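Subject: Structure handover

Hi,

Here is the structure I promised to pass on. Please open it alongside this note; my findings follow below.

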Amino acid sequence: IFSRYFFVLLLTVLLTRCSNKQAYDYLFRASLLVNEHHTWSKAFKYFAEILHERSDGRMKLEVYHSEQLAKEIEAIRLIQVGVIDMTITGSMLNNWIEIAAFCELPFLLRDSVDMRNLIHGPVGQRLEAEMISKTGLRPLGYFQRGPRHLTSNRPIRHPDDLKGLIIRVPNVPSFVTAWSALGAKPTPMAFSEVFTSLQQGTVEAQENPFAMIKSAGFSEVQKYINLTGHVVSWGYPVVGEKQLQALPDDLKEIFLEAGRDMQIYEHQLFLEGEKKVQQELKQQGMEFIEVDKDAFSQKCEEAIYNSLSPEMQKVYHQVLEL
Ligand code: CS2
């Protein structure tokens with residue numbers, strides 16, 4: 001507890017010192033887990049530009065990528081205490097609110113149509129409302145990303161091939177449940193530690209969408225992309241609700257509108273990149289492996305369902321009916 005308090009204090013002091021000469025009225029800081037090459041970083045850069053432009057320089061946003069400011073889970077806490085202001089998150093919020101599990105529940109959604117139905121339907125609305133009221137984070141829209149696939153150094157075609165495989169997962173309960181049920185050994189870890197851990201062999205595999213496999217350079221340490229497509233997911237660019245409410249009305253409006261435009265921009269970047277990125281990964285020597293998807297989903301579905309509270313089991317059925 002002491003070290004966390006000390007860390008927050010130190011960061012506050014450092015951040016205020018770095019911004020002495022103020023040419024703006026409001027400064028925001030965003031901590032992202034992806035590096036500067038990823039579409040999410042590019043979208044935030046665009047957001048920073050339009051925010052600055054449309055407010056005549058009254059609002060400024062500094063974007064820190066690659067978790068250099070904080071790991072995702074810490075970034076959420078730092079926003080809640082007002083040290084920083086923005087990040088991109090989703091299922092990680094499952095550590096605060098149960099319903100956030102639906103952002104990345106393995107084998108629940110089939111494609112981006114299912115995804116949009118969830119986001120824009122009652123479950124998505126409840127999710128966004130609880131994000132604001134229970135975690136103090138306001139979503140500004142949602143960012144697209146492709147389905148998550150498993151990367152490894154031996155081909156995995158069937159859950160039987162997973163036996164004992166040490167796989168890094170984000171710090172999200174449903175991932176641990178799913179990969180344990182599948183026979184692997186899931187190890188929760190922050191994203192910024194994954195490359196080195198793969199390189200050093202402390203973990204043998206990881207799972208993420210194509211664009212993230214590419215931007216993080218995992219082709220240097222992983223040979224196979226096993227096309228598990230086990231999670232159709234998205235991310236929410238968020239701002240601290242308190243930070244947003246502290247803005248005068250005119251700036252608040254500019255901020256929220258810029259957020260909507262950032263979403264449009266990100267979706268374009270995602271669509272443009274999705275095919276290209278697969279080609280690039282192949283050129284870098286990664287081999288794509290077809291998997292028995294049904295065998296995967298059948299082996300972990302029950303464990304995932306049973307790990308949900310009775311109330312969330314109701315939401316699960318609600319999602320299936322969408
Ligand atoms: C990322 C995250 O850490 C990772 O592997 O793909 O975006 C992950 O999806 C998040 O923790 C969700 O909040």
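L251 sits in helix α10, which covers residues 249-283. Keep in mind that this is a predicted model. The relative accessible area of L251 is 0%. That is under 20%, so L251 counts as buried. Beyond residues up to four places away in sequence, L251 touches Y26, S55, R58 and M59. One distance for reference: the C-alpha atoms of L251 and V319 are 36 Å apart, and 68 residues separate the two along the chain.

Next, the nonpolar cores. The largest has 58 residues. Which residues have the most contacts inside it? They are F102, L162, W179, W234 and Y236. Helix α3 (residues 72-80) supplies the largest share of this core, with 5 residues.

Neighbours within four places in sequence aside, L162 is in contact with L150, R154, I156, W179, L182, G183, A184 and F296.

Helix α6 (residues 173-181) packs on helix α11 (residues 293-307). The axes are 8 Å apart, and the angle is about 135°. On the α6 side, the contact is made by T177, A178, W179 and A181. On the α11 side, F296, K299, C300, A303, I304 and S307 take part. By type, the residues of this contact are 7 nonpolar, 2 polar and 1 charged.

Last, two backbone points to check. Most residues other than glycine have a negative phi. S66 is not a glycine, yet its phi is positive, near 55°. S66 is in the loop between β2 (59-64) and α3. F107 is also not a glycine and has a positive phi, of about 60°. The loop between β3 (86-89) and α4 (112-120) holds F107.

Are these two residues buried or partly exposed? S66 has a relative accessible area of 29% and is partly exposed. F107 has 15% and is buried.

Best regards

Terms used. Residues are numbered from 1 along each chain as its sequence is written. This is a predicted model: local features need pLDDT of at least 70, side-chain atom pairs count only at pLDDT 80 or more; totals for chains, interfaces and linings use all residues. Side-chain values use heavy atoms; hydrogens and water are left out. Helices (H or I, at least four residues) and strands (E, at least two) are DSSP runs, numbered from the N terminus. Buried means under 20% relative accessible area, exposed over 50%, partly exposed in between (1.4 Å probe, protein chains only). Contact means heavy atoms within 4.5 Å. Axes are lines fitted to C-alpha atoms, for helices over the stretch in contact, and angles run from 0 to 180 degrees between N-to-C directions. Ala, Val, Leu, Ile, Met, Phe, Trp, Tyr, Cys and Pro count as nonpolar, Asp, Glu, Lys and Arg as charged, and the others, Gly among them, as polar. A nonpolar core is a set of buried Ala, Val, Leu, Ile, Met, Phe, Trp, Tyr and Cys residues joined through side-chain atoms within 4.5 Å.
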